[in-house]
Amino acid sequence: MSKQCEMQSSSCNFHSNGPLLQTEQSIRSEVSAISPLVDKLMAFIKKCQCVPGNEIEVEISLREALANSVVHGNHEDTDKHVYVNCSCVPDEEVSIVVRDEGTGFSSADLPDPTAAEHLRSMHGRGIYLMKSFMDEVRFERGGTAVYMRKKAAKAHDRGRSSL
Ligand SMILES: Nc1ncnc2c1ncn2[C@@H]1O[C@H](COP(=O)(O)OP(=O)(O)OP(=O)(O)O)[C@@H](O)[C@H]1O
Ligand SMILES: [Mg+2]
């Protein structure tokens, strides 16, 4: 287990559509802690087979959400933590909540990164990517938490990446 991962718990319960596999993780607010956590969560997601063939979209979205929480939410304050709750229903969907200890923000008035005046900007694409790759992205708790959900592709669409 990564040293940066301070708490781990996993469980298996039952959902109307089958087993519900969950894991809770947290990291200190350091950029270097993001990749080990992404690797660990993606291994869990792949093992659960909740979005077979679409893991890369979830990985990109997860990485963007964690980066936002560590950098914008907690301002890389190592006394603060980022918490992740990941729930998988095999062959159905994955849902992920990333929560930080910051003051939040308003997601309503974010600039559109595809607008001509922003195309050359080096930033401002993370949330756009998350919304492009996931089926649902919702900000909660005043912007200190983001809820994301991706449904499994139908069996005949698997392998046709949306990237
Ligand atoms: N957890 C958060 N806490 C506080 N502010 C946030 C949080 N997440 C996003 N934001 C705000 O929303 C803005 C847009 O986020 P987004 O991820 O789209 O772009 P970015 O982080 O600025 O750049 P990029 O992700 O492309 O490197 C951020 O600049 C920040 O102001
Ligand atoms: Mg970002």
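The chat below covers the fold, then the ligand.

Tutor: This is a predicted model: local features need pLDDT of at least 70, side-chain atom pairs count only at pLDDT 80 or more, and totals for chains, interfaces and linings use all residues. Residues are numbered from 1 along each chain as its sequence is written, while chains are lettered from A and ligands numbered from 1 in the order in which they are written.

Student: How many helices and strands are there in the chain?
Tutor: Three helices and six strands. Helices (H or I, at least four residues) and strands (E, at least two) are DSSP runs, numbered from the N terminus.

Student: In what order do the elements run from the N terminus?
Tutor: The order is β-β-α-α-β-β-α-β-β.

Student: How much of the chain is buried?
Tutor: Buried residues are 29% of the 163. Buried means that 20 or more other C-beta atoms, placed from the backbone, lie within 10 Å of the residue's own.

Student: New topic. Which residues come nearest to ligand 1?
Tutor: Asn68, Gly73, His123, Gly126 and Ile127, out of 16 residues around ligand 1. A residue counts as near if its C-beta atom, placed from the backbone, lies within 6 Å.

Student: And which helix gives the most to that shell?
Tutor: H2, with five residues. Helix H2 (55–73) and helix H3 (126–133) each supply at least two.

Student: What classes are in the shell?
Tutor: Four nonpolar, nine polar and three charged residues. Asp, Glu, Lys and Arg count as charged; Ala, Val, Leu, Ile, Met, Phe, Trp, Tyr, Cys and Pro as nonpolar; the others, Gly among them, as polar.

Conventions:
A residue is buried if 20 or more other C-beta atoms lie within 10 Å of its own, exposed if 12 or fewer, and partly exposed in between; C-beta atoms are placed from the backbone.
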